[in-house]
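Here is a short report on a protein model. Have the sequence and the 3D view ready, and follow along heading by heading.

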Amino acid sequence: MDVKAAPNGVATIEDRILRITGYYGYYPGYSSQKSTSRSSITRCKPGANCPSSHSGISRQLSPLSVTEDSSAPILELQNRGSSGVCGHRVERQNRSADDGTQTHSENSSQENRIKARCLSCTSMVLKGIWGLLIILSVSSSWVGTTQIVKITYKNFYCPFFMTWFSTNWNIMFFPVYYSGHLATAQEKQSPMKKFRECSRIFGEDGLTLKLFLKRTAPFSILWTLTNYLYLLALKKLTATDVSALFCCNKAFVFLLSWIVLKDRFMGVRIVAAIMAITGIVMMAYADNFHADSIVGVAFAVGSASTSALYKVLFKMFLGSANFGEAAHFVSTLGFFNLIFISFTPVILYFTKVEHWSSFAALPWGCLCGMAGLWLAFNILVNVGVVLTYPILISIGTVLSVPGNAAVDLLKQEVIFNVVRLAATIIICIGFLLMLLPEEWDEITLRFINSLKEKKSEEHVDDVTDSSVHLRGRGRANGTVSIPLA
């Protein structure tokens with residue numbers, strides 16, 4: 001009985017059974033081909049010449065006939081299977097190649113991030129090291145300058161001549177800067193080209209005679225007044241008191257910037273200014289308002305005020321300056337001092353206000369040491385802004401107070417009472433409050449919020465760990481947790 005071919009290509013019931021049972025030698029049309037071979041064998045009668053009888057009989061009697069019949073489909077299946085496996089292998093190799101490329105790109109990006117972090121950490125460490133060195137250098141140079149002035153006063157008291165002499169050394173600022181440029185820069189420039197480039201601080205046209213007189217004269221006068229009043233204060237007060245009072249210039253800079261430059265109002269800086277004024281009054285009270293003490297405090301406060309006015313006017317008219325422009329400007333002040341202010345010590349000499357017997361009798365060692373340290377202080381202040389954080393320069397300045405105090409104690413030139421010590425501490429605290437950035441309140445709030453978020457994340461992690469531990473104990477007791485997904 002013939003069965004019609006099904007739509008899926010299975011012709012007979014035997015084919016269906018073989019297909020369902022998963023016979024390894026099955027292929028479509030297996031039973032029909034088998035029946036055809038059987039019919040060809042049965043149809044050939046004995047004695048008849050059948051061309052295929054021998055082959056059919058031999059295939060029927062041979063024990064390898066089934067294998068021979070099934071070898072073709074098996075080979076076909078093997079070829080199909082091998083081609084499928086090869087296709088899968090090629091696809092897997094392509095996928096693995098894509099995954100390898102993606103992994104390589106991720107690894108390279110990760111390495112770049114790690115390198116960038118290492119570079120940033122290295123730069124921060126280097127800035128910190130430079131900052132520490134510059135803090136020590138700034139404080140040491142300022143302490144050394146103050147102490148050398150006190151030593152010079154024992155044999156030679158000519159404060160204006162000392163101011164004029166030390167200001168003339170500012171001429172060497174630009175040559176020192178240019179020497180550093182030649183030592184470090186890859187593209188070296190000629191001295192005149194570098195000088196013209198740095199003279200842009202005065203304007204696009206550079207330094208002209210009009211600008212030289214107009215811009216340099218007021219700053220040179222303020223520079224001379226600041227140093228001269230500082231030296232006068234050192235005659236009346238100890239080095240510790242003068243250096244502490246000079247730290248009030250930060251408070252005066254804030255007040256002048258708020259009034260003149262319309263800078264942002266900050267309550268914390270007003271508090272710092274009040275603390276500075278309180279320290280000034282307490283410093284005058286420390287010696288029971290003695291005449292020399294009051295005059296010395298006035299000189300020191302005047303020096304701090306002129307220094308603050310110098311900084312505010314510089315910011316107003318010249319703006320910010322880089323290291324080269326600052327070196328050019330300070331050297332220009334030295335030239336102006338040498339050309340236009342040299343007549344003042346001559347007048348004081350002939351009027352015998354500041355008189356000395358002969359030039360050979362001058363303490364040239366102390367004078368050169370004072371001028372050299374003063375120049376080093378100015379160079380370090382400007383270099384420090386380039387190499388490290390500007391706030392560290394201010395910290396180096398305020399550290400000159402304990403440095404001078406230590407030297408004064410060793411020399412037994414000062415006796416700290418409670419009022420003087422409290423005044424010094426109050427002024428130093430006010431100075432440090434002035435160093436707070438304008439967005440210090442926002443930065444503080446952000447820091448507090450980040451701490452709260454970290455605590456909440458740690459609490460969530462602890463809760464998760466405890467829940468995982470409880471699940472593990474439940475599994476150990478025989479309970480099974482079935483995941484939802």
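## Starting at one leucine

In which helix is L255 found? L255 sits in helix α10, residues 249-259. Helices (H or I, at least four residues) and strands (E, at least two) are DSSP runs, numbered from the N terminus.

This is a predicted model, where local features need pLDDT of at least 70, side-chain atom pairs count only at pLDDT 80 or more, and totals for chains, interfaces and linings use all residues. Residues are numbered from 1 along each chain as its sequence is written, and side-chain values use heavy atoms, with hydrogens and water left out.

Back to L255. Its relative accessibility is 24%, so L255 counts as partly exposed. The scale is simple: buried means under 20% relative accessible area, exposed over 50%, partly exposed in between (1.4 Å probe, protein chains only). Leaving out residues up to four places away in sequence, L255 touches I270 and A273. Contact means heavy atoms within 4.5 Å. V312 is 57 residues from L255 along the chain, yet their C-alpha atoms are separated by 10.0 Å.

## The whole chain

How many helices and strands does the protein chain have? The count is 19 helices and zero strands. The protein chain has 485 residues, and 36% of them count as buried.

## Helices α8 and α12

Helix α8 covers residues 209-236, and helix α12 covers residues 291-317. Their axes come within 8 Å and cross at roughly 155°. That makes α8 roughly antiparallel to α12. The contact of α8 with α12 has 16 nonpolar, six polar and three charged residues. The crossing of α8 and α12 is left-handed.

Some terms need their rules. Axes are lines fitted to C-alpha atoms, for helices over the stretch in contact, and angles run from 0 to 180 degrees between N-to-C directions. Angles under 35 degrees count as roughly parallel, over 145 as roughly antiparallel, 65 to 115 as roughly perpendicular and the rest as oblique. A crossing is left-handed if the near helix is turned anticlockwise from the far one by less than a right angle, and right-handed if clockwise. Ala, Val, Leu, Ile, Met, Phe, Trp, Tyr, Cys and Pro count as nonpolar, Asp, Glu, Lys and Arg as charged, and the others, Gly among them, as polar.

## Helices α11 and α18

Helix α11 (residues 267-285) packs with helix α18 (residues 418-434) at an angle of about 160°. Their axes are 8 Å apart. The two helices α11 and α18 are therefore roughly antiparallel. They cross in a left-handed way.

Which residues of α11 and α18 make the contact? Among them are V268, R269, A272 and A273 of α11. From α18 come residues including V419, R420, A422 and A423. By class, the contact of α11 with α18 has 17 nonpolar, three polar and two charged residues.

## Helices α5 and α8

Helix α8 also meets helix α5, residues 159-168. The axes of α5 and α8 come within 9 Å and cross at roughly 135°. The helices α5 and α8 are therefore oblique to each other. Their crossing is right-handed.

On the α5 side, the contact is made by P159, F160, M162, T163 and T167. On the α8 side are W223, T224, N227, Y228, L231 and L232. By class, the contact of α5 with α8 has seven nonpolar, four polar and no charged residues.

## A buried phenylalanine

F329 is found in helix α13, residues 323-340. Is F329 buried or exposed? F329 is buried, with a relative accessible area of 2%.

Not counting residues up to four places away in sequence, F329 touches I201, F202, F219, Y310, F314 and L318. F174 is 155 residues from F329 in sequence and 8.5 Å away in space, C-alpha to C-alpha.

## Cysteines and a loop lysine

How many disulfides does a search of the whole structure find? The search finds zero. A disulfide is a pair of cysteine sulfur atoms within 2.5 Å. For C247, the closest cysteine sulfur is in C428, 5.6 Å away and too far for a bond. C247 is buried, at 4% relative accessible area. For C366, the closest cysteine sulfur is in C368, 9.6 Å away and also too far for a bond. C366 counts as partly exposed, at 26% relative accessibility.

K352 lies in the loop between α14 (343-350) and α15 (364-387). K352 is not a glycine, yet it has a positive phi of about 60°. K352 is exposed, with a relative accessible area of 60%.
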